[in-house]
Amino acid sequence: MYDDTYFINEALNEAKKSLAEGGIPIGAVLVKDGKIISRGHNRLIQNDSVILHAEIDTIENAG
């Protein structure tokens, strides 16, 4: 079982991906029963989108 610090660091890793792509550095992870089931990052600038915030990207990636 992981603690909150682990999940925050994983979200920060997603934020770094967004920054590396030229976007806004915000990331998110979706956790269920102590496991990451999805992850994503802000893609507003990269995809010229008004809705692809990190949370929306994460939910969309969850399928």
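Trainee: How many aromatic pairs does the structure hold?
Mentor: The structure, a predicted model, holds three aromatic pairs. Rings of Phe, Tyr and Trp (its six-membered ring) pair if their centres lie within 6.5 Å; planes under 30 degrees apart count as stacked, over 60 as edge-to-face and the rest as tilted.

Trainee: What are the numbers for Tyr2 and Tyr6?
Mentor: Tyr2 and Tyr6 are stacked, at 3.9 Å centre to centre with 15° between the planes. Tyr6 and Phe7 also form a pair, this one edge-to-face, at 5.4 Å centre to centre and 70° between the planes.

Trainee: Is Phe7 buried or exposed?
Mentor: Phe7 is buried, with a relative accessible area of 10%, while Tyr6 is partly exposed at 28%. Buried means under 20% relative accessible area, exposed over 50%, and partly exposed in between (1.4 Å probe, protein chains only).

Trainee: What cut-offs does the model come with?
Mentor: In this predicted model, local features need pLDDT of at least 70 and side-chain atom pairs count only at pLDDT 80 or more, while totals for chains, interfaces and linings use all residues. Residues are numbered from 1 along each chain as its sequence is written, and side-chain values use heavy atoms, with hydrogens and water left out.

Trainee: Switching to H2. Which residues are buried there?
Mentor: Ala54, Asp57 and Thr58 are buried in helix H2, residues 54–62. Helices (H or I, at least four residues) and strands (E, at least two) are DSSP runs, numbered from the N terminus.

Trainee: Why do they line one face of the helix?
Mentor: Seen down the axis of H2, the buried residues fall within an arc of 100°, so they line one face. The arc is that of the directions from the helix axis to the C-beta atoms. An α-helix has 3.6 residues a turn, so residues three or four places apart point the same way.

Trainee: What do the buried residues pack against?
Mentor: They pack against strand E1 (27–32) and strand E2 (35–41), where contact means heavy atoms within 4.5 Å. On the other side of H2, Ile59 and Glu60 are exposed. Just after H2, Gly63 takes a positive phi of about 85°.

Trainee: Last one, Asn47. Where is Asn47 found?
Mentor: Asn47 is in the loop between E2 and H2, partly exposed with a relative accessible area of 46%. Its C-alpha atom is separated by 9.4 Å from that of Gly23, 24 residues apart along the chain.
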